[in-house]
Amino acid sequence: MRRKLVVGNWKMNGSRAANASLLAGIVAGVNASGTSSASCAVCAPAPYLSQCQDALSGSPVAWGAQDVSAQPGGAFTGEVAAAMLADFACKYVIVGHSERRAYHGESSELVAKKTVAVLDAGMTPIVCVGETLAEREAGQTVAVVSGQLGAVLDLVGERVAQIVVAYEPVWAIGTGKTATPAMAQEVHAQLRAQLMAKNAVAAETVQILYGGSMKPDNALELMAQPDIDGGLIGGAALKAADFLAILHAAN
């Protein structure tokens, strides 16, 4: 059995005061629930990683970053190297999020290089894949997500077992359209089959998260699907009660 994983992606939200309250609420809720069969983490904006490290060290809650440079260091103003994130004891790093692909023009090849940079620094990359509404309506879902994941698999080689995959149906985020659990499971199963073709043993252990607006009211049904191993949570991760409710659904 793959252990469920619930990761909060704060995106460009937060302040020192708001973060302190949110992190304290999450830690208190996790501690109060006792032994959990699911893992959890928060991925915060880079300026707040030190705060996360201070607040979460020694707790069951891990922390991570939302992006990373493919470069190891040097004259790359504004970028953050993987070794810098490791310096703050990050466990996870999100790579290839749909917003990075859409707003910053990140290619699948660049995402693959970032994935390798994260692995080389001893952290776990959360590799995001997903199709837009236009791509889904054109029947290109499988081609798009398999192409995005394939670029990563080609570069990581035998280290495929060390990654986490997150499926983001971009078309169902903020559009008013809904991805049903069955629709999500269909894509997750396709991704699992692709992993299986690469490394059958690894495919059984790699966690595939769902990143399509998972909320307390749909988390249980989504995570009941055989190939949905948790969630990459956006808006609901900014409220401790909502995040904890989703984590509870994963247990």
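**Entry 1: aromatic rings**

I searched the whole structure and found one aromatic pair (rings of Phe, Tyr and Trp, the last by its six-membered ring, with centres within 6.5 Å; planes under 30 degrees apart are stacked, over 60 edge-to-face, the rest tilted). The pair is Tyr167 with Tyr210, and it is tilted, at 6.2 Å centre to centre with 50° between the planes. It links distant parts of the chain, 43 residues apart, with Tyr167 in strand 6 (residues 164-167) and Tyr210 in strand 7 (residues 208-210). I take helices (H or I, at least four residues) and strands (E, at least two) as DSSP runs numbered from the N terminus.

Buried means under 20% relative accessible area, exposed over 50%, and partly exposed in between, with a 1.4 Å probe and protein chains only.

A note on what I am looking at: this is a predicted model, where local features need pLDDT of at least 70 and side-chain atom pairs count only at pLDDT 80 or more, while totals for chains, interfaces and linings use all residues. Residues are numbered from 1 along each chain as its sequence is written, and side-chain values use heavy atoms, with hydrogens and water left out.

**Entry 2: pockets**

I looked for pockets next, on a 1 Å grid over the protein atoms alone: a pocket is an open set of points with protein on both sides within 12 Å along at least five of seven lines, where a 1.4 Å probe fits, and lining residues have an atom within 4 Å of a point. Points are joined across faces, edges and corners, and a volume is the space filled by probe spheres set on them.

The largest pocket has a volume of about 480 Å³. I listed 21 lining residues, with Pro45, Ala46, Gln66, Asp67 and Arg100 nearest its centre. Helix 4 (residues 98-104) gives the most to this lining, with three residues. By class, I noted ten nonpolar, six polar and five charged residues there. Nonpolar covers Ala, Val, Leu, Ile, Met, Phe, Trp, Tyr, Cys and Pro, charged covers Asp, Glu, Lys and Arg, and the others, Gly among them, are polar.

The second largest pocket has a volume of about 200 Å³. Of its 14 lining residues, Lys11, Ser213, Ile233, Gly234 and Gly235 are the closest to its centre.

**Entry 3: Lys11, Ser213 and Asn9**

I checked the backbone of two of those residues. Lys11 is not a glycine, yet its phi is positive, about 55°; Ser213 also has a positive phi, near 60°, in a residue other than glycine. Lys11 sits in the loop between strand 1 and helix 1 (16-33), and Ser213 in the loop between strand 7 and helix 10 (219-223). Lys11 counts as partly exposed because its relative accessibility is 26%.

What does the side chain of Asn9 reach? I found the backbone nitrogen of Lys11, at 3.1 Å. Asn9 lies in strand 1 (residues 5-9) and is buried at 5% relative accessible area.

**Entry 4: Thr115**

Last, I looked up Thr115, in helix 5 (residues 108-120). Thr115 is buried, with a relative accessible area of 0%. Thr115 and Val160 are 45 residues apart in sequence and 10 Å apart in space, C-alpha to C-alpha.

Conventions
Polar contact = N/O pair within 3.5 Å; in protein donor to acceptor, adjacent residues only side chain to side chain.
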